[in-house]
Amino acid sequence: MTDADDTHRGRVDNRDEVREEARDEARDDVGDEAADAAADEARDERSDQEPAREVGGEIVEEISESDSATGSVLDDFFGDDESVVPQHTPGFRAGYVALIGRPNVGKSTLMNRFLKERLAIVTAKPQTTRRKTLGILNSSEYQIVLLDTPGIMEPRYDLHEAMVREATDALNQADIVVFLADASAPAEVLPAVAASTAPRILALNKVDRIGDKGALLPLLGEYGALADFQAIVPISALSGEGVDKLLSELVSRLPEAPPFYPPDQIAEQPERFFVAEIVRERIFELYDQEIPYSTEVIVDTFQERKKAKDFIEAVVYVESDSQKAILIGKGGRAIRVLGEDAREAVESFLGREVFLSLRVKRMPKWRKKAGALKKLGYRM
Ligand SMILES: Nc1nc2c(ncn2[C@@H]2O[C@H](COP(=O)(O)OP(=O)(O)OP(=O)(O)O)[C@@H](O)[C@H]2O)c(=O)[nH]1
Ligand SMILES: [Mg+2]
C-alpha cells in the first residue's frame, strides 16, 4: 500500500490524524503561529506526497497547477467569465433586498424559494446560517439581489457577534428590508429593523401551520403598532403560498437601476463556500446537541480535473478532543456516514461527481476567539 492509497472518499486520512495530533500539540505548546506554520508544512508535505490518488479503484493523474480551481469556480450556474452586465434599459429595476429576522424563521428557505434553487442551507436547528449569502433573482424586467442573513440574537460568543454583524451589514446595504417572522410566535420587531431607513416589508412566515387564517388578524394589528411596514404579507416559504405576492411588493419598490450582475448569474460566493456550507448542513442534520454549533467547515482544496472527478478537501474544525471523537465515531463510522452523505449532497448541488475528503481538526475555543474567527474568514 502506497502513501497515496489511504485517502478514501469521506474518510479521515490517518496520516492527517497523526499530523493533526502533532499540530494540536504544537498549538498547545507554542501558540497559534507555530501551529499554523506546522499546519502549512504538513499541507506542503502532503501535496508533495500526492503524485497519484486512487479514486473509486482507478489511479488518477497528478493534479497539475493548471487544473487547480481557486476562488470562484464558474459554470453556467454561477455565470461565466464572458458574461457582461447589460446596459440599463429604461424601466429596468434592480436593488438589494435583505432577509432579516430571528434564527429559524425561514429566511434561507425563502431565499431558495425565490431562486428556485437550493442555494442556502436549511435545517430545523436555529443558527444554521452564519454568513451573509447572496442570491440573484433575474428577470427581463428586474434583478433582485437577495441577502440571506444569520438570525439576529443576543450574542453569547464572538462568533454570534460576527453573525449579527453579517446581518446588520446586509440591513445597511439593503434597498428594501424584508423582516421575516414566524406567524405562530408573538409579535416582535427587532430594534435594528425598526431603526432601518430602508422601506420595510413584513413577511409573516409559516402560515401553512395556521389552520384558521382569521386568527392572523390580531397579530397583523400588533405588528402594525410596533413599526411602520409598507406591506404585510402572510407567506409560507415552505409551500410557496403568498410568495408571489411578496415578490410583487418587492418589485414595485425596487429602484429603477441597471442590473448589478450578469443576467445568468445566480450566486456570487465561490463554489467552495457552498460546498463548505453543505458539509456543515449535513453535520447539523447528522449530529446533535453541541456538535453542530462547535463545528466550522473550510474547504481548503478544490481542484477541477479534466480526466477525473473534482478533488475537494474539507477541514472540519471542532473545539475539543471529545467533540472530535464524536464527530469521527467508533472506528471512523460516523465520519464515513457524514462523508458519504455530504458527497451526495455536494454532487447534487454541483451537478457533477466529486471526490470529497474530510479531515477533522481541533481549534480550541474558536467561537470565543477573535483571532481564530478571523482565520476562519469572519470579519472581526
Ligand atoms: N412549516 C413551515 N416550516 C418552514 C417554513 N419556512 C421554513 N420552515 C422550516 O423552518 C426551519 C428553519 O428554516 P430556515 O430557512 O433554515 O430558517 P432560517 O431563518 O434561515 O434559520 P437560521 O439560518 O438558523 O437563522 C426549517 O426546518 C424549515 O423547513 C414554512 O413556511 N412553513
Ligand atoms: Mg438560514
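**Close-up 1. The contact between helix 8 and helix 10 in a predicted model.** Glu271, Phe274, Val275, Ile278, Val279, Arg282, Ile283 and Leu286 of helix 8 meet Val337, Leu338, Asp341, Ala342, Ala345, Val346, Phe349 and Leu350 of helix 10, where contact requires C-beta atoms, placed from the backbone, within 7 Å. By class, this contact holds 13 nonpolar, no polar and three charged residues, with Asp, Glu, Lys and Arg counted as charged and Ala, Val, Leu, Ile, Met, Phe, Trp, Tyr, Cys and Pro as nonpolar, the others, Gly among them, being polar.

**Close-up 2. The packing geometry of helix 8 and helix 10.** Helix 8 (residues 271-286) and helix 10 (residues 333-350) pack at an angle of about 135°, their axes lying 9 Å apart; helices here are DSSP runs of H or I with at least four residues, and axes are lines fitted to C-alpha atoms over the stretch in contact, with angles from 0 to 180 degrees between N-to-C directions.

**Close-up 3. The shell around ligand 1.** Of the 24 residues around ligand 1, Gly106, Ser108, Thr129, Gly151 and Leu238 come nearest, a residue being near if its C-beta atom, placed from the backbone, lies within 6 Å. Helix 3 (residues 107-115) gives the largest share of this shell, three residues, and the shell has eight nonpolar, 12 polar and four charged residues.

**Close-up 4. Confidence along the protein chain.** The mean pLDDT (the predictor's confidence in each residue, from 0 to 100) is 83, and 77% of residues reach 70 or more. Residues are numbered from 1 along each chain as its sequence is written, while chains are lettered from A and ligands numbered from 1 in the order in which they are written. In this predicted model local features need pLDDT of at least 70 and side-chain atom pairs count only at pLDDT 80 or more, whereas totals for chains, interfaces and linings use all residues.

Terms used:
Helices (H or I, at least four residues) and strands (E, at least two) are DSSP runs, numbered from the N terminus. Two residues are in contact if their C-beta atoms, placed from the backbone, lie within 7 Å.
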